[in-house]
Amino acid sequence: MGLLVILILAAILNLYSGSIAIPLKDIWNIITSDPTRSENYEYILTEYRLPKTITSIVIGFGLGISGLIIQTFFRNPLTGPFVLGISSGASLGVALLIMGGSLFGSIHHLYSLSTPIAASLGSFIVLSIVMITARNIRNTMSILIIGLMFGSFTTAIISVLSYFSSANELQQYIFWSLGSLSNLRWTDVSLLTGIVMISSVGLLPIIKSLDALLLGENYARSMGISIKKTQTIVFLITSLLTGSITAFVGPIAFIGLAIPHITRLIFKTSTHKILIPAVGIIGAIVMLICDSLTHISVGSKTLPINAITSIFGAPIVIWLLVAKSKTTRS
């Protein structure tokens, strides 16, 4: 309940902050459809800030959950939702869309597709390859290494495309890779919210399996849990969450990797029935705060969201882990 209150306060702060500060009274009048509400403020709020606020909540929720389940499955605290190469595949799709024309004249027709479609196709192709490869591998660490190798492979291709691209194409791709929450329409927000909510509900059948996996695969098998079935569900849900979020707003760093650690430090439990909703809410809160910080102007420009999540997030996690280590020693 405390986290929900903080979430509401962070959302109000996000709606309030910006180049034009909307008074809290006017925000309330707009939400309650008061006849005295300002039409100018209403337009700014409903067409720009409210979609961005909802997007921040959905992204923080989705990346937090995907990071938690992938860390549980691999039993590795250093893994995040991007280890399967899904985000790299999405980045490759966008890179081909934006920069591919300079190297391959035959793919100019891709420019008729939108960036989210290109990113989704890239992530789906990488997911399919990883899933097919994982069928014949029993060791989860080998699957993790394969995902990382796919990420390195796609990064190499992007580097080649960048080398042959024009300055304008390279700039477009860099802007996309920095992440942006401001370009989504209400239809995009609705679609992204639907994907994240459906994926989250899909976790319900494997909550007990995730708890058992914390004690090792052999223990999980002794409890009658199918590792392959759990693996398939974890991979599909992680890919849906990570792929869709990357497709719509670009790659967002830190959230998926760090939020599960913060949540475990706060709640001091490994029960996923508690961790899954908690990590989603904390992820949404952190994402709202980071988005509010992007409104800080540097000259005539605002800060990119990807930079904010890493610059302000990484030191917090380091401090929490150091504090936990000191407490354990004492």
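What is the handedness of the crossing of α4 and α5? In this predicted model, in which local features need pLDDT of at least 70, side-chain atom pairs count only at pLDDT 80 or more, and totals for chains, interfaces and linings use all residues, the crossing of α4 and α5 is right-handed. Residues are numbered from 1 along each chain as its sequence is written, and side-chain values use heavy atoms, with hydrogens and water left out.

A crossing is called right-handed if the near helix is turned clockwise from the far one by less than a right angle, and left-handed if anticlockwise. Helices (H or I, at least four residues) are DSSP runs numbered from the N terminus. Two packed helices are described by the angle between their axes and the distance between the axes. The axes are lines fitted to C-alpha atoms, for helices over the stretch in contact, and the angles run from 0 to 180 degrees between N-to-C directions.

Helix α4 spans residues 86–99 and helix α5 residues 115–134; their axes lie 7 Å apart at an angle of about 135°. The two helices are therefore oblique to each other, on a scale where angles under 35 degrees count as roughly parallel, over 145 as roughly antiparallel, 65 to 115 as roughly perpendicular and the rest as oblique. On the α4 side the contact (heavy atoms within 4.5 Å) is made by Ile86, Gly89, Ala90, Gly93, Val94 and Leu97. On the α5 side the contributors are Thr115, Ala118, Ala119, Gly122, Ser123, Val126 and Leu127. Eight of the residues in this contact are nonpolar, five are polar and none is charged. In this classification Ala, Val, Leu, Ile, Met, Phe, Trp, Tyr, Cys and Pro are nonpolar, Asp, Glu, Lys and Arg are charged, and the others, Gly among them, are polar.

Two further residues of α5 were examined. Phe124 lies in helix α5 and, with a relative accessibility of 53%, counts as exposed; buried means under 20% relative accessible area, exposed over 50%, and partly exposed in between (1.4 Å probe, protein chains only). Phe124 is 55 residues from Ile69 in sequence, and their C-alpha atoms are 19 Å apart in space. Pro116 also has its place in helix α5, and is partly exposed at a relative accessible area of 24%. Although 130 residues separate Pro116 and Thr246 along the chain, their C-alpha atoms are 8.1 Å apart. Leaving out residues up to four places away in sequence, Pro116 touches Ala247 and Phe248.

Helix α11 (residues 227–249) packs against α3 at an angle of about 150°, with the axes 10 Å apart. That makes α3 roughly antiparallel to α11. The crossing of this pair is left-handed. From α3, the residues in contact are Thr55, Ile59, Gly62, Leu63, Ile65, Ser66, Ile69, Ile70, Phe73 and Phe74. Those from α11 are Ile227, Gln231, Val234, Phe235, Ile237, Thr238, Leu241, Thr242, Ile245 and Val249. This contact has 14 nonpolar and six polar residues, with no charged ones.

Helix α1 (residues 2–16) also packs on α3, the axes coming within 9 Å and crossing at roughly 145°. The crossing of α1 and α3 is right-handed. Leu7, Ala11, Asn14, Leu15 and Tyr16 of α1 meet Leu45, Arg49, Leu50, Lys52, Thr53 and Ile57 of α3. By class, seven residues of this contact are nonpolar, two polar and two charged.

When residues up to four places away in sequence are not counted, Phe235 touches Ile70, Phe73, Phe74, Leu84, Leu127, Val130, Met131, Ala134 and Ile143.

Phe254 has a phi near 75°, a positive value in a residue other than glycine, and is buried at 14% relative accessibility. Lys268, in the loop between α12 and α13, has a positive phi near 50° and is exposed, with a relative accessible area of 70%. Ser292 is placed in helix α13 (residues 272–293) and counts as buried at 11% relative accessibility. Beyond its neighbours within four places in sequence, Ser292 is in contact with Leu13, Asn14 and Ser17.
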